[in-house]
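Welcome! Please look over the sequence and the model below before you try the exercises.

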Amino acid sequence: MAVLTFELPDGSTRKVDITQVLNAGYAGRSQEDVAAHVAELAELGVPAPSVTPALYPVAPYLAQQTDRVEVQHGRTSGEAEWALVVADDGDLLLTAACDHTDRDLEVHGVAWSKNAGPDVLARRAWRLADVAPRLDDLTLRAWVTHGDKETEIQHGTLAELLTPAYWVDVLRTRDALTPGTVLISGTIPMAHDVDQFADAWRVELSDPATGDTIRLAYGVHRMLEPIG
């Protein structure tokens, strides 16, 4: 399994042996907006979930701290998200994440598409308890790069998404709030006029109260064409 290392604001580090990864979907706090998004995706051929919010198990090795994502074709993209990480002592950490998804495969099954690319996590984290009083004020932003031009594609706050506390309750109910668990939050809306099929992604999770920002960035690289 993957072992990820997170640096905390006090300079200490936490190594976490990842044992399960769960990707939330359709996880907007306004379920009316979620229903509209489901209808939007249905027009693109993406099957509607049986319930919302949804939760998709992902292979643990797909949780990665990397600056390079390998893809098979040109229709994959990331999503700015937060990630909840259960440390080995049960402590809850919050960090930035980017769920890289195969959009062609998504029309055949969202769970399949989530398992076709990595969940890229930042190398820094906060203790959830330290930022819990102001979670809704934290900001999520993402940028995509095409050639030498970088463009913002997502910008919002955690108030738009279901809270970590909501997912903690879900995991506890399922006896899944266990050390090594990673819960990826689901994402905020993308700008419709920005091409998501990019050469690189960059995500920031920021705390306006302290000015601290957790960052990740990676390039997207096409593999060689298959033979056969």
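Two exercises with worked solutions follow.

This is a predicted model, in which local features need pLDDT of at least 70, side-chain atom pairs count only at pLDDT 80 or more, and totals for chains, interfaces and linings use all residues. Residues are numbered from 1 along each chain as its sequence is written, and side-chain values use heavy atoms, with hydrogens and water left out.

**Exercise 1.** Locate His73 and describe its surroundings.

Step 1: Find the loop between strand S6 (68-71) and strand S7 (76-77); His73 lies there. Strands here are DSSP runs of E with at least two residues, and helices are runs of H or I with at least four, numbered from the N terminus.

Step 2: List the contacts (heavy atoms within 4.5 Å). Setting aside neighbours within four places in sequence, His73 touches Asp102, Asp104 and Arg222.

Step 3: Look at the polar atoms. A polar atom of the His73 side chain is 3.0 Å from the backbone nitrogen of Arg75.

**Exercise 2.** Work out the strand order of the open sheet that has 5 strands, and find its edges.

Step 1: Trace the order, which is S6-S17-S16-S13-S14, with mixed pairing. Two strands pair if DSSP finds at least two bridges between them.

Step 2: Check the ends. S6 and strand S14 (149-157) each have a single partner strand, so one side of each lacks a neighbour in the sheet.

Step 3: Examine one pair. Strand S16 (residues 200-207) runs antiparallel to strand S17 (residues 212-222), over 8 bridges. Arg215 in S17 is the bridge partner of Glu204.

Note on methods:
A polar contact is a pair of N or O atoms within 3.5 Å; within protein, one must be able to donate a hydrogen and the other to accept it, and residues adjacent in sequence count only if both atoms are side-chain atoms.
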